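User: Please take me through the fold of one chain in this model, and then through the place where its partner chain touches it.

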Amino acid sequence: MPKLPGLIKGLGVTMGTLVRTVKDGANTVQYPHAKESPPVRARGVIALREDNCTACMLCARSCPDWCIYIEAHKQLAPPRRAGGKPRQVNHLDRFDIDYALCMYCGICVEVCPFDALFWSPEYEYSEPRIADLLHDKTKLGEWMETVPEAPALEVGAEKKK
Amino acid sequence: MIAMLPVPAVDPVLDTESWWWQPLAIVGLKVLVVFIIGLVGTMFMVWFERKIVAGMQNRIGPDKAGPFGLLQTLADGIKLFFKEDLIPERSDRFVFKLAPFLAFVPAFLIWSVIPLGGDFTDGRDGTVEWFGQITRVQLADPPVGVLLVLALSSIAVYGVMLAGWSSGSKYPLLGSVRASAQMISYEAALGLSLAAVLMAAGTLSTSGIVAAQDQLTDWHLLSTGVVPFVVFLIAMTAELNRPPFDLVEAEQEIVGGFHTEYSSIRFALFFLAEFMNVISMSALLVTLFLGGPQPLLIGSFDLFAVLGPFGGTAWLLLKVFLFLYVYVWFRATLPRLRYDQLMDLGWKVLIPVALGWFLLLAALQLGRDNDLSQVGYVTLVIVCLVVLGLGYLLFTAAISVARRNRDREGAAY
Amino acid sequence: MTMLSERQQLSYIASQAADARLNVELETEGMTLNIGPQHPATHGTLRIIARLDGEQVIWAEPSAGYMHRGYEKLTEVRTFPQVTSLINRIDWLGSFANEVPFILAAEKLMEIEAPPRAQHIRTILFELSRIANVGLFLGDLGVQMGAITPVFLAFRDREYVLNLIEGATGGRFHPNFDRIGGLKDDLPQGWIDETRQVMKKLRGFCDEIEDLLFGNEIFQSRTRGIGVIPADVARQYGLSGANLRASGVDWDLRRDQSLPMAWDKVDFKVWTHPDGDSWARCWVRLQEVRESTKIVDQLLDTMPAGPVMAKVPRIIKVPEGEAWVSTENPLGEMGYYVVSKGDLGPFRVKIRSASFNNISITPWVLKGVYVPDIITILASLYFILGDIDR
């Protein structure tokens, strides 16, 4: 077969793509009307399970750009067992994550020793005002509904714990 | 052939005894139609280009404004119209304001001499009868139609050139220098390839050229259909600043070139002019080489016979459409040439080829005119070929000498 | 001493004056053209100051720093686990590859080594980020020369790779998946099969680009013989990666270095090209993408089982010492010189990023070329602005 000039070959490629686009449709996903579902592990937004949080401040300290604000006070909780002493617990007053600063690195979720923070693949929370990107603990708690189950691991992976 | 044409070739409608409302109405109607075709055609051309290029890139393209996004251009135009009109501090204000019109008006005026249709069924010559007047479907039919086109496209160069120069900025200046060099040198190739067509047709009037091409055998496929056609196509692409010759407005190199500093409606005028030029020059190409609105008969079957007198327009649209598609296709595929490569192509390939072919045709025509004998004719051809060969040798020698001198001087730093 | 007649003297003076006048008249000042910091072809905010004579460049100099973010300084006030979240923003197109050398340097200081499965997955993700990065280069190459289609094809097919990276790590651009001692997590189920399919798709993409762009005569005339960098000049300017290999130097840190990565377990070819021009650089990169897809395929076939994290203390303190580790990143040699004083964070980090050195050759290579060639040469040298300015 004689060698086609590269120019013609290139024209063939674009023509082929046109035919394929007309036949199979474009590769575009038109966002507000159609949505791609992000993978389960996608780091969309951080959800907070308030009951688990002990205000230990580990997440706030390990955040590379210090976008987590925690305030808490100590209070007495009813004893675990009947007749026991009342426990002293940290009550969370404020748990804010400033998504205008957050780098979505996931270190806070990783360091949390009490499983209070989770990643959710939800991503539609942009705001017209930058101040509204500061999510307080109620809003962070609402994201908990969108947190998926951790995915099964690939063959050969070691089971955790 | 000339004798067949109506004597005042300007327009048969003006050649009447009775000057009443009909000629005026016809001319007014034509102006209106040409104006609307120009604008609407441009609008659809922009849409068409965006849609096809999108397809070639696996995208959707405009599809929100109007059905299939057809009104996208209109929306963009309105947006541009309401944008702030910026005039740079260091610009030459008058020229800066003038330049878009210099580009835009000629693009419109070219439409006036292009035959837009006509009745070619059963071997008619394309004239139609409106309001009892015989007329052509063409705004004006001056005997120098093709020259008018050349003149107008030369004026359009000024638009681009002055736009870049008057912006008072460096990138537009580079663009304007490129524009003047590129367009002027390709104008030469364009004119030379045109000359071959004019010689074959024996007339300068566009309607005359179309009338001379009433059958496929009269398209002069051998004499004008190959060499001048290809030269014209390439030169025209360069003239229009279409890829792969869009150096004048290369975004990646000189940031939009001559229209870098333009905004708002002035930019829109350049934009419109460019796309309008694409359509009008494609129409000119079809007129000159492919019979314009003449039907392309397969046997005696006319594809658009059902349309009656509008069949000619349909044929013209079909042919123009083909070229528009080719332009869009090029745009989607080809990278841009470099400035010096472009000049090389223009001066060392296109102009010599067009000139040589023109001389050959001229010699043959001369032989035909003088009724040479068979032997004389063959001798003439041989002499021509020898002269062309000599010319080619001289030409290559000149190029190689120039190259050696340049290397010796170390001009390449 | 020869006596000159008055007439001769006068004519001599006149000719001198004429020469001088001619020189003054013809000597035109070059036009200084600032290409950038805001220019469509500089991938960000690189500024090239070029003095032009007509369209020919007589002098050019890159001026970097318009996007300097100070990563070397920033790392000093971060702990070791936090650093990876910053440094994958250096070369933002191949971000996972930025994390690896730093983590390797820290591991070297701590004298731990990631388990084999972690090394494997690291290498796969490293090559995936190379494909994502250089694949985009192949598309961008066309758009720098006015062919608009390749870039859309590249963006389309890069998306598959990014989906893979996101599926495994959770981040498309900034994975932050590498940890001292291994990886954050194992791969999710079905990832390996998906990757195999995507690799097939990407080989198709390479063929498509080769037909569309590399075979094109205009493209060839724009790149062949343009911006030639001979091997010794390339070495002197510290070029690395595909730019050096395109000058005929057979140099690849993946093969030449023994690192705790999985490259020694696969069989791959290091592509070189003798020409050293823009064409060679583009061509070598095209072959590299193909080679990377093959590396990924081989690694997927030989994936060992086991943990992905070595035993590492919960609070990481890196012992006192200094370590230098560099890897063959998508853009070239990228290395981290980490100095630790035994604290939670590094004492000092020197980042050697490939683009900074690759772009340093521009004053040499841009001399005498035309304005469009500046763009071509810059595109073929392939820099990421974040990698220059850090």
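Predicted model: local features only at pLDDT ≥ 70, side-chain atom pairs only at ≥ 80, totals over all residues.

Analyst: Residues are numbered from 1 along each chain as its sequence is written, and chains are lettered from A and ligands numbered from 1 in the order in which they are written.

User: What is the radius of gyration of chain A, and why is the chain described as more spread out than a compact globule?

Analyst: The radius is taken over C-alpha atoms, and the globule rule is 2.2 Å times the number of residues to the power 0.38. For 161 residues that rule gives 15 Å, and chain A lies well over this, so it is more spread out than a compact globule, with a radius of gyration of 25 Å.

User: Which strands are at the edges of the open sheet in chain A?

Analyst: Three strands of chain A form this sheet in the order β2-β3-β5, with antiparallel pairing; strands are DSSP runs of E, at least two residues long, numbered from the N terminus, and two of them pair if DSSP finds at least two bridges between them. Pairing on one side only marks the edge strands, β2 (68-77) and β5 (134-135) of chain A.

User: Which residue of β5(A) is the bridge partner of Ile97(A)?

Analyst: Strand β3 (residues 87-98) of chain A pairs with β5(A) in the antiparallel sense over two bridges. In β5(A), the partner of Ile97(A) is His135(A).

User: How many residues of chain A are in contact with chain B?

Analyst: Contact here requires C-beta atoms, placed from the backbone, to lie within 7 Å of each other. By that criterion, 10 residues of chain B meet chain A, where the number of residues in contact is 10.

Notes: Contact = placed C-beta atoms within 7 Å. Helix = DSSP H or I, 4+ residues; strand = E, 2+ residues; numbered from the N terminus.
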